[in-house]
Amino acid sequence: MHTAPAPAVAPPGPPSLRLTLTPVGPRSGLDGAWWPHSRNLFEQLPYLIAELDGIWGRITGATVHEAAWTDLRHSVPAGSHDVGVHWYDPAHDPHTITVFSYRVGTWELLVVPPETDPWRARQLMTAAAHPAAGRPPERSSPTRRPPGA
């Protein structure tokens, strides 16, 4: 009996990066938003860093809120370099990530929790990327839908 070989299956590619950034210009608060696919920082952060390296220059570090993530490590491989990760600052907003670059300095992104309803996530990402985006009070609960929505 002869059986045909199983067809080759391509390994899954990286997840699509869900990122919005404010347009180039004066900064007044948030610099955009990131909607990761999971709370596993070690798994998700390299995709964000790879994208931001090409936009903001080599990313050297990131600061996150410890309670918002799993698999926290002090260093994450990102392409040809490692990025330092800091999370021991309890005052850091659990819904933001601060990213450090040699070229442009410090940037702050809203982190939309991965379990957020897609409608709400798009709304938050659009608002965070608006040039006048500040620190809206509802950032403290990004999964809550506004009344009547």
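Mentor: What follows goes through the aromatic pairs one after the other and then turns to their surroundings. This is a predicted model, in which local features need pLDDT of at least 70 and side-chain atom pairs count only at pLDDT 80 or more, while totals for chains, interfaces and linings use all residues. Residues are numbered from 1 along each chain as its sequence is written, and side-chain values use heavy atoms, with hydrogens and water left out.

There are two aromatic pairs in the structure (centres of Phe, Tyr or six-membered Trp rings within 6.5 Å; stacked if the planes are under 30 degrees apart, edge-to-face if over 60, otherwise tilted). One of them joins Trp34 and Trp69, which are stacked with 5.6 Å from centre to centre and 20° between the planes. Because Trp34 belongs to strand S2 (residues 32–34) and Trp69 to the loop between S3 and S4, this pair ties together parts that are 35 residues apart in sequence (helices, at least four residues of H or I, and strands, at least two of E, are DSSP runs numbered from the N terminus). Both Trp34 and Trp69 are buried (under 20% relative accessible area with a 1.4 Å probe, protein chains only; over 50% is exposed, in between partly exposed).

The rings of Trp56 and Trp107 are also stacked, since their centres lie 4.1 Å apart and their planes meet at 10°. With Trp56 in helix H1 and Trp107 in strand S7, this pair therefore ties together parts that are 51 residues apart in sequence. Trp56 counts as buried because its relative accessibility is 6%, and Trp107 counts as buried because its value is 12%.

As for charges around rings, Arg18 lies over the face of Trp35, at 3.6 Å from the ring centre, and the charged end of Arg73 sits over the ring of Phe42, 3.5 Å from its centre (Lys NZ or Arg CZ within 6 Å of the ring centre and within 35 degrees of the ring normal).
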